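Subject: Structure handover

Hello,

Here is the structure for your files.

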Amino acid sequence: MGLYSKMQLFLCVLSTLVATAIGKFDCRRDSSMCLHGSNCNDVDGICQCSVLYSGVDCSIVEAEKEQSLCGSSPCSNGATCSSDSSTYKCHCTENFFGTNCETSRYIITCTSTPTPQMTLRLTPQVPSFTGKIFVEGKAKTTACHMTLVSGTTQTYELTLTHTHATCGNAVHNASTDSHTRKFYVLFASDSIVLTSDEVVTAVCDDTQSTAASSQLGITDIDSILSPVGVDMSIKDEDVDLTLTASGSPISSSVSLGDDITATIEMTAAGLPKFVALRVEGCVASNTMAGGDFKSVRFINSSCPSSDVDNVMIQKPSKVSDTKVTFIYDAFKFTNQDAVSVTCTVKMCTEKSTCAAVQCGGETQPYSGNGRKKRGLQSDIITKRTVRTTYRVLTSGVQGNTSSTPV
């Protein structure tokens with residue numbers, strides 16, 4: 001499955017009845033879910049147990065399965081019981097949780113009177129849920145997000161009428177008089193989509209005499225977070241690098257020692273899609289190739305580089321969430337008058353992933369590493385590189401300048 005592959009849970013239920021669905025364990029949501037030293041397979045999200053253990057999370061000690069304290073069958077809903085000399089433990093199937101596995105993780109309640117509506121209650125299958133659950137297409141609308149049920153640690157619920165001004169209307173099937181909604185369960189955040197995330201499709205069907213069997217299927221979802229009509233891929237025009245000297249854009253050349261202000265800024269085209277940027281790196285090079293190539297770094301791994309300490313006047317600073325600047329003395333390379341400044345920029349849909357990052361002994365305010373999970377950036381972020389080239393005059397040499405996205 002690709003990055004945007006999702007597990008889809010399908011629920012059908014009679015009005016006023018409660019139905020449950022089939023969930024799926026996936027240790028890629030949190031590798032600590034694999035117990036007793038087992039490892040999580042990043043391909044299928046299944047814990048790799050040794051011969052001494054079993055269960056989806058390798059929590060069952062084989063030698064303790066169905067021992068004496070399990071004789072009264074205390075575990076519900078197909079759970080496996082294990083016990084030592086003092087207590088028993090129920091190891092739940094993927095759909096249930098609780099001391100005796102008595103509570104379903106997915107519950108939908110449909111009501112037809114006085115106002116037709118559905119209530120979906122979810123308990124995500126992860127030790128500590130830090131993500132978001134929301135109605136399809138409503139990632140940025142708080143009113144359409146599930147909220148924590150009072151008295152629980154991570155059970156979430158949302159009730160919506162079939163006709164809803166804020167969260168949109170449920171899809172109505174006239175032939176069956178059913179109403180359908182999709183809910184996205186994102187385990188990392190409300191911005192990144194992983195193969196371990198879920199799409200829950202809830203159906204309230206007034207024509208059924210009983211709740212239909214739950215089904216588990218696979219569906220491919222692309223760009224589910226994109227606002228309607230907005231292409232979320234980063235374009236050349238979304239971010240710009242400009243170099244100025246004495247307050248004016250560098251049009252052809254500068255003199256050695258001139259103060260140059262570099263500005264990396266999100267453009268008007270990028271602002272509808274992204275809320276912040278992060279400068280990952282900026283490097284100056286002599287534009288040459290092979291053994292003649294020379295370069296120095298202004299920014300490396302989102303931190304100021306020591307390569308240019310002797311020419312840096314103002315370290316990179318965050319003017320706003322969408323703009324970063326730094327100032328340096330114009331310099332040239334020993335074998336070339338041309339200087340090319342190239343910056344790699346990440347565009348973020350969530351400000352927190354562009355927050356301050358610790359660089360040595362001080363916190364740099366202009367960028368951030370973001371929250372990571374198993375080496376994967378936990379925010380939808382897209383990358384672009386911008387380049388500006390100019391010439392440095394030392395004895396009347398003239399030249400041209402160009403700004404090119406690469």
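How much space lies in the largest pocket? About 610 Å³. This is a predicted model, where local features need pLDDT of at least 70 and side-chain atom pairs count only at pLDDT 80 or more, while totals for chains, interfaces and linings use all residues. Residues are numbered from 1 along each chain as its sequence is written, and side-chain values use heavy atoms, with hydrogens and water left out.

A pocket here is an open set of points on a 1 Å grid over the protein atoms alone, where a 1.4 Å probe fits, with protein on both sides within 12 Å along at least five of seven lines; lining residues have an atom within 4 Å of a point. The volume is the space filled by probe spheres set on the points.

The largest pocket is lined by 27 residues, and Asp57, Cys92, Phe96, Phe97 and Arg105 are the closest to its centre. Strands (DSSP runs of E, at least two residues, numbered from the N terminus) E8 (88–91) and E9 (96–97) each give two or more residues to this lining. E8 has the largest share, 3 residues.

Regards

Key. Helix = DSSP H or I, 4+ residues; strand = E, 2+ residues; numbered from the N terminus.
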